[in-house]
Amino acid sequence: MATLGPESVRPPLSQLGSSPSIQTHVGSANLPPNRGLERALEEAAASGVLNISSRKLKEFPRTAANHDLTDTVEADLSKNRLTDVPSEVCHLVALETLNLYHNCIRTIPDSIITLQSLTSLNLSRNQLGSLPACLCGLPLRVLNASNNKLVSLPEAIRQLHSLMELDISCNEITALPRHIGRLKALRELNVRRNLLCVLPEDLADLPLVKFDFSCNKVSTIPVCFRKMKQLQSLQLENNPLQSPPAQICIKGKVHIFKYLSIEACRKKQSFNFPNRRP
């Protein structure tokens, strides 16, 4: 089933990995590998934008110590062979955007807490089995941890008060953490292709504009979701939904919310008149 809602939803706040400012510089495309790397480090020292993507790196370049990278605000280390987040990255305390997409990273070090200017973090397509609680002490607005091996999220995620986009799709998460409704800035939530059976009711407290829970094991949409007035895009295909039934869901968001409203009235009447006969 296609997206339920308007197609003209605003684009994501951050397209990590596709931002023009962190793309490979054309001028270094034909340089020898080592010289191209040195050129990238030189440009980073001058511009504050470090792009060392797609260089088969297994560690942070040792020659980086020869350059002043203290003012680096964007770092793209995507599409390499890193198994850890380099400690050198955690020393770039001015970082606002960090792209670690498509590496082999298994853990996030506690030292990442030093990046107190970091607002956008892309951890997608790695080997992460968990996210550390310290990650929730960063001023993140965008967090992409899709395509990993996550089985849960830290309870501390509720501390990300500035978070506007959360993508944890394509993992093995069985339940969302309690108090996720405290993410009062969250506009976009993608939990597609996980192992969720239940949607927490406090999701209805979020100002979500886009919500994707397709390809899970959800059978019921809580009636309180009818209160999600700002929701424009809802994707729920490939779930064993029983309430609302599939024939309602395929008609779109308006019909789903109408069904939920009727169910809410029915439950209220049943509560007020428990012994009332039909």
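Reader: Where is P244 in this structure?

Author: In this model, which is predicted, P244 has its place in the loop between β9 and α2, the latter covering residues 246-249.

Reader: And what kind of peptide bond runs from S243 to P244, cis or trans?

Author: The bond that leads from S243 into P244 is cis, and its omega is near 0°.

Reader: Since you bring up phi, what is the phi of H102, and where is H102 found?

Author: H102 has a phi near 60°, which is a positive value in a residue other than glycine. H102 is found in the loop between β3 (97-99) and β4 (120-122), and because its relative accessibility is 37%, H102 counts as partly exposed.

Reader: What about H179, what is its phi?

Author: The phi of H179 is about 65°, again a positive value although H179 is not a glycine. The loop that holds H179 runs between β6 (165-167) and β7 (188-190), and with a relative accessibility of 30%, H179 counts as partly exposed.

Reader: Changing topic, how many aromatic pairs are there in the whole structure?

Author: A search of the whole structure finds two aromatic pairs. In one of them, the rings of F211 and F213 have centres 5.2 Å apart and planes at 40°, so this pair is tilted. F211 and F213 are both buried.

Reader: Why is the pair of F211 and F225 called tilted?

Author: The planes of the F211 and F225 rings stand at 55°, with the ring centres 6.4 Å apart, so that pair is tilted; planes would have to be over 60 degrees apart to count as edge-to-face. This pair links distant parts of the chain, with F211 in strand β8 (residues 210-212) and F225 in the loop between β8 and β9 (233-235), 14 residues apart. Both F211 and F225 are buried.

Reader: Which residues make up the aromatic cluster?

Author: F211, F213 and F225 form one aromatic cluster.

Reader: What volume does the largest cavity have?

Author: Its volume is about 40 Å³, and the count comes to one cavity of 30 Å³ or more.

Reader: You listed F257 there; what sits over the ring of F257?

Author: The charged end of K253 sits over the ring of F257, at 5.6 Å from the centre of that ring.

Reader: Which residues is C215 in contact with, leaving aside its neighbours within four places in sequence?

Author: With those neighbours left aside, C215 is in contact with R192, R193, N194, E237, N238 and N239. As for N238, it stands 23 residues from C215 in sequence, while the two are 4.6 Å apart in space, C-alpha to C-alpha.

Definitions and conventions
Residues numbered from 1 in each chain as written. Predicted model: local features only at pLDDT ≥ 70, side-chain atom pairs only at ≥ 80, totals over all residues. Heavy atoms only, no water. 1 Å grid on protein atoms, 1.4 Å probe; cavity = no way out; pocket = protein on both sides within 12 Å on 5 of 7 lines; lining within 4 Å. Points joined across faces, edges and corners; volume = space filled by probe spheres on them. Phe/Tyr/Trp six-rings, centres within 6.5 Å; stacked < 30°, edge-to-face > 60°. Buried < 20%, exposed > 50% of the residue type's maximum accessible area, 1.4 Å probe, protein only. Helix = DSSP H or I, 4+ residues; strand = E, 2+ residues; numbered from the N terminus. Lys NZ or Arg CZ within 6 Å of the ring centre and 35° of its normal. Contact = heavy atoms within 4.5 Å.
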